[in-house]
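Hi,

Here is the model I promised to pass on to you. Have a look at it first, and then read my notes below.

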Amino acid sequence: MIDTGFTYYSGPSSRNIDGFNHAAITYVGDCRWIVGFEDQLGGGDTDFNDIELSISGPLELLPVE
């Protein structure tokens, strides 16, 4: 792994130096989500599979107000 010196954040893309969203969350059913990350400046290949986390459990989806 090469340290580029950049730090990327989830949430609003304006938080990142390149203005790109570096995390994507996908609900895949049965209380399971995949959180994928893009690790390159400018979004790289935008496949969000550079690092993937699988989150599951008895979680409840609530609407955002």
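Let's start with I55, which is partly exposed at a relative accessible area of 39%; here buried means under 20% relative accessible area, exposed over 50%, and partly exposed in between, using a 1.4 Å probe and protein chains only. Before going on, keep in mind that this is a predicted model, where local features need pLDDT of at least 70 and side-chain atom pairs count only at pLDDT 80 or more, while totals for chains, interfaces and linings use all residues. Residues are numbered from 1 along each chain as its sequence is written, and side-chain values use heavy atoms, with hydrogens and water left out.

I55 sits in strand 3, residues 51–56. Strands (E, at least two residues) are DSSP runs, numbered from the N terminus. How many of the 6 residues of strand 3 are buried? The number is 0, so strand 3 lies largely in the open.

I55 also belongs to a nonpolar surface patch with I51, L53 and L59, and together they have about 350 Å² of accessible area. Those areas come from the Shrake-Rupley method with a 1.4 Å probe, and for residues only the protein chains shown count as cover. To be in a patch, a residue needs over 30% relative accessible area and no salt bridge; like charges are joined within 9 Å and nonpolar side chains (Val, Leu, Ile, Met, Phe, Trp, Tyr) within 5 Å. A salt bridge, in turn, is a side-chain nitrogen of Lys or Arg within 4 Å of a carboxyl oxygen of Asp or Glu.

Two strands pair if DSSP finds at least two bridges between them.

Strand 2 (residues 32–37) pairs with strand 3 over 6 bridges. Across that pairing, V35 has L53 as its bridge partner, and G36 stands opposite E52.

What happens between strand 1 and strand 2? Their hairpin has 4 residues between the strands, and G29 there takes a positive phi near 100°. D30 is in this loop too, and has a positive phi of about 55° although it is not a glycine. D30 counts as exposed, at 77% relative accessibility. C31, also in the loop, has a positive phi near 55° without being a glycine, and is partly exposed at 27%.

Finally, the rings. There are 3 aromatic pairs, counting rings of Phe, Tyr and Trp (its six-membered ring) with centres within 6.5 Å; planes under 30 degrees apart are stacked, over 60 edge-to-face, and the rest tilted. One of them is Y27 with W33, a tilted pair at 5.0 Å centre to centre and 55° between the planes. Y27 is partly exposed at 41% relative accessible area, whereas W33 is buried at 12%.

Cheers
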